[in-house]
Amino acid sequence: MKEITCFNVLQTLSDGVCIVDKDYKILFWNKKLEQWSQKNQSACVGEILTKLYPQLNTVAYKTRIDQVLHNGPPAFFSMLLHHHLFDFKKPDGSDQAQRVTVAPLKMVMKH
Amino acid sequence: MLKPSISKYEQDLLQQMFKFAADRAEDVLAAMVEQTVNIKISDMQLIDTPSLQTLLVDTDVQASLVCMRFEGMMTGAIALLFPQDSTKVLINTLTQSSMRSYEMDVFCMGTLTEVGNIIINAVMSQFSDTSLEHVSFNLPDYVEIPAPHYPIVGDINNVVMTAKVGFNISGLHISSLLIIQLTADSLSSFFSALQAGVRR
């Protein structure tokens, strides 16, 4: 898939990276996220992020994420206020705390 | 260097933008912490870069600064300054916990960055939604004062606007200071774009 190939450099990061379009459709899901979520990239790409993680559909999150998806400023979600945006589990079964940044991605697509 | 000035109309326009931004931020923060939150942005002032330098660099006051740079129709930086006392009260109130000391650990820095991010984003989104002009933003920075470098202090000719931001959360009042710095040449395009947006 063309979109995945151009984001390949993000596979090497130790941070989880997910790329969505303005409709929350997942375009990319890196290896770190595969590991944390126990969901393969092939199972996630093409899915709607808010369907996989319905908590993101609540006012507290959606208002801020929508703003970013419409070219607004980046949104930052701290561990102390949210603990975890995504319900990922640690090996001992407890919730994995997360610090999440949502930022617009500028891309130049060659045709 | 000319002393910066803006007209009464521009001042009123900004105050109106701040009011809408405060309402936006209030809704977001209240939904997030599930507490009653009131935010007021008031007492807007126009100062020059040396005055900002004095405010930040030549002060002994310990404080935290959440800052974000932007570029486009307007170019500059925006920041929210939390004095030490406010920081502690704000975090304790929002998280409904008690902080051991002012020694800010990574969790508290993150919380403050998020609160600053919400206020700053509400103000910047209000500006860009009104003007319909595209602005690019950097990721927010967190700096503790005093610091060797301030991302908010720029060129000597830049124009700086400040306003008080008051938070009322569950009956507690917390004060902070909003700082917006614009390059001298983007000040007029900023107001032109805002005025055009309001007329639409």
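**Salt bridges in the predicted model**

1. D95(A) and K89(A) form a salt bridge, with the closest N and O atoms 2.5 Å apart. The model is predicted. D95(A) counts as partly exposed, at 28% relative accessibility. K89(A) is partly exposed too, at 48%.

2. How many salt bridges are there over all chains? The count comes to seven. The pair D95(A) and K89(A) is one that meets the rule, because its 2.5 Å N and O separation falls within the 4 Å cut-off. Two further pairs are taken up below.

3. K62(A) pairs with D66(A) in a salt bridge; the closest N and O atoms are 3.1 Å apart. Both residues lie in helix α5 of chain A, residues 59-69. They sit four residues apart, about one turn of the helix. K62(A) has a relative accessible area of 25% and is partly exposed. D66(A) has 23% and is partly exposed. Neither counts as buried, because that label needs a value under 20%.

4. In chain B, K164(B) forms a salt bridge with D43(B), the closest N and O atoms being 3.3 Å apart. K164(B) belongs to strand β6 (residues 159-169) and D43(B) to strand β1 (residues 37-48), so this pair ties together parts that are 121 residues apart in sequence. K164(B) is partly exposed at 48% relative accessibility. D43(B) is partly exposed at 46%.

Note on methods
Residues are numbered from 1 along each chain as its sequence is written. Chains are lettered from A and ligands numbered from 1 in the order in which they are written. This is a predicted model: local features need pLDDT of at least 70, side-chain atom pairs count only at pLDDT 80 or more; totals for chains, interfaces and linings use all residues. Side-chain values use heavy atoms; hydrogens and water are left out. A salt bridge is a side-chain nitrogen of Lys or Arg within 4 Å of a carboxyl oxygen of Asp or Glu. Helices (H or I, at least four residues) and strands (E, at least two) are DSSP runs, numbered from the N terminus. Buried means under 20% relative accessible area, exposed over 50%, partly exposed in between (1.4 Å probe, protein chains only).
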